[in-house]
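Here is a set of questions and answers for someone meeting this structure for the first time.

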Amino acid sequence: MEAYKDLEDLLKEIKCCCDQGDRKKLPGILRELMQFRQQYYQDSILRGRQDDFSESLFKILLLELDEEESDSIETAELAYTGLTSVMNDPEAITPAHYKRRLLLLHYFSDYFTDAIIEIFLKKYRDDNLLEARNMALECIEKMQLSDMLLLEEHHPDFINGDEQLADACNAISLPPELSEAERTEAALLHKVLHAYLKAKYKN
């Protein structure tokens with residue numbers, strides 16, 4: 001088993017690889033991080049590094065470094081939990097955070113369906129799992145759309161010409177507007193999912 005390295009050292013190495021565009025070295029360093037992802041998640045909380053840690057987990061997902069789906073689900077859940085913890089601080093939140101969360105839920109929506117079903121749709125799970133899954137995906141789309149609407153309202157210059165965000169939003173099957181009740185529901189979905197995952201990965 002590889003040695004458990006200091007989180008700060010790993011995050012510095014990851015940043016260095018990204019700044020230098022070193023795509024050959026980056027996957028190896030990210031694999032070190034994902035090998036002890038739960039321990040590093042706890043470290044990131046203690047050291048106030050949840051933002052960078054979550055972003056590194058997002059890179060692991062984009063590069064498809066996990067070999068098992070169960071590991072990818074854990075990576076996605078930890079990435080979401082760390083990121084949303086940062087976003088709960090109004091002084092720390094940036095447009096880039098909204099974008100990353102939206103893309104996390106867009107690219108890896110399947111990894112969040114089990115948690116959404118467990119929290120909100122248990123009564124459908126035993127009788128009609130397919131319906132439960134479709135309803136969970138609709139919830140996840142609503143969460144994405146809510147973040148996109150917040151970006152449009154408060155940071156319109158940030159999203160101009162952003163092809164990633166455009167592609168993600170074009171893939172959403174829901175109407176492009178949400179009522180106030182739906183926006184409140186989307187905010188609640190984020191809040192409850194975050195609380196559920198924080199409890200799941202609590203020490």
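## Aromatic residues

Phe58, Tyr107, Phe108 and Tyr111 together make up one aromatic cluster, in a model that is predicted.

Q: How many aromatic pairs does a search of the whole structure find?
A: Rings of Phe, Tyr and Trp are taken as a pair if their centres lie within 6.5 Å. When the whole structure is searched, the number of aromatic pairs found is five.

Q: Is the aromatic pair of Phe58 and Phe108 stacked or edge-to-face?
A: The ring centres of Phe58 and Phe108 are 6.3 Å apart, and the angle between the planes is 90 degrees. Planes over 60 degrees apart count as edge-to-face, so the pair of Phe58 and Phe108 is edge-to-face.

Q: Which parts are tied together by the pair of Phe58 and Phe108?
A: Phe58 and Phe108 are both buried. Because Phe58 belongs to helix α4 (residues 50-62) while Phe108 belongs to a loop, the pair ties together parts that are 50 residues apart in sequence. Those parts are helix α4 and the loop between α6 and α7 (113-120).

Q: Which aromatic residue forms a stacked pair with Phe108?
A: Phe108 has a relative accessible area of 11% and is buried. In its stacked pair, the rings are 6.0 Å apart from centre to centre, with 5 degrees between the planes, and the partner of Phe108 is Tyr111.

## Helix α6 and its neighbours

Q: Are α6 and α11 roughly parallel, roughly perpendicular or oblique to each other?
A: The axes of helix α6 (residues 95-107) and helix α11 (residues 163-170) come within 10 Å and cross at roughly 45 degrees. Angles under 35 degrees count as roughly parallel and those from 65 to 115 as roughly perpendicular, so α6 and α11 are described as oblique.

Q: How many nonpolar residues does the contact of α6 with α11 have?
A: The crossing of α6 past α11 is left-handed. On the α6 side the contact is made by Lys99, Leu102, Leu103, His106 and Tyr107, and on the α11 side by Gln164, Leu165, Asp167 and Ala168. By class, two of these residues are polar and two are charged, while the number of nonpolar residues is five.

Q: Are α5 and α6 roughly parallel or roughly antiparallel to each other?
A: Helices α5 and α6 have axes 10 Å apart and pack at an angle of about 155 degrees. Angles over 145 degrees count as roughly antiparallel, so the arrangement of α5 and α6 is roughly antiparallel.

Q: Which residues of α6 make the contact with α5?
A: The crossing of α5 and α6 is left-handed. From α5, the contact is made by Ala76, Ala79, Tyr80, Leu83, Thr84, Val86 and Met87. From α6, the residues are His97, Tyr98, Arg100, Arg101, Leu104 and Leu105.

Q: Where is His97, and is His97 buried or exposed?
A: His97 touches Asp51, Leu83, Val86, Met87 and Ala92, not counting residues up to four places away in sequence. His97 and Thr84 are 13 residues apart in sequence, and their C-alpha atoms are 8.5 Å apart in space. The place of His97 is helix α6, and with a relative accessible area of 4% His97 is buried.

## Other single residues

Q: What is the relative accessibility of Ile140?
A: Ile140 is found in helix α9 (residues 129-154). Leaving out residues up to four places away in sequence, Ile140 touches Leu105, Ser109, Phe112, Thr113 and Ile116. Ile140 counts as buried, and its relative accessibility is 1%.

Q: How far apart in space are Leu121 and Ala136, C-alpha to C-alpha?
A: Leu121 lies in the loop between α7 and α8 (122-125), and with a relative accessible area of 7% Leu121 is buried. Apart from neighbours within four places in sequence, Leu121 is in contact with Ile116, Ala132, Met135 and Ala136. Leu121 and Ala136 are 15 residues apart in sequence, and their C-alpha distance in space is 7.7 Å.

Q: Is Glu64 buried or exposed?
A: Glu64 is found in the loop between α4 and α5 (69-87), and its phi is near 55 degrees, a positive value in a residue other than glycine. At 67% relative accessibility, Glu64 counts as exposed.

Terms used:
Residues are numbered from 1 along each chain as its sequence is written. This is a predicted model: local features need pLDDT of at least 70, side-chain atom pairs count only at pLDDT 80 or more; totals for chains, interfaces and linings use all residues. Side-chain values use heavy atoms; hydrogens and water are left out. Axes are lines fitted to C-alpha atoms, for helices over the stretch in contact, and angles run from 0 to 180 degrees between N-to-C directions. Helices (H or I, at least four residues) and strands (E, at least two) are DSSP runs, numbered from the N terminus. A crossing is left-handed if the near helix is turned anticlockwise from the far one by less than a right angle, and right-handed if clockwise. Contact means heavy atoms within 4.5 Å. Ala, Val, Leu, Ile, Met, Phe, Trp, Tyr, Cys and Pro count as nonpolar, Asp, Glu, Lys and Arg as charged, and the others, Gly among them, as polar. Rings of Phe, Tyr and Trp (its six-membered ring) pair if their centres lie within 6.5 Å; planes under 30 degrees apart count as stacked, over 60 as edge-to-face and the rest as tilted. Buried means under 20% relative accessible area, exposed over 50%, partly exposed in between (1.4 Å probe, protein chains only).
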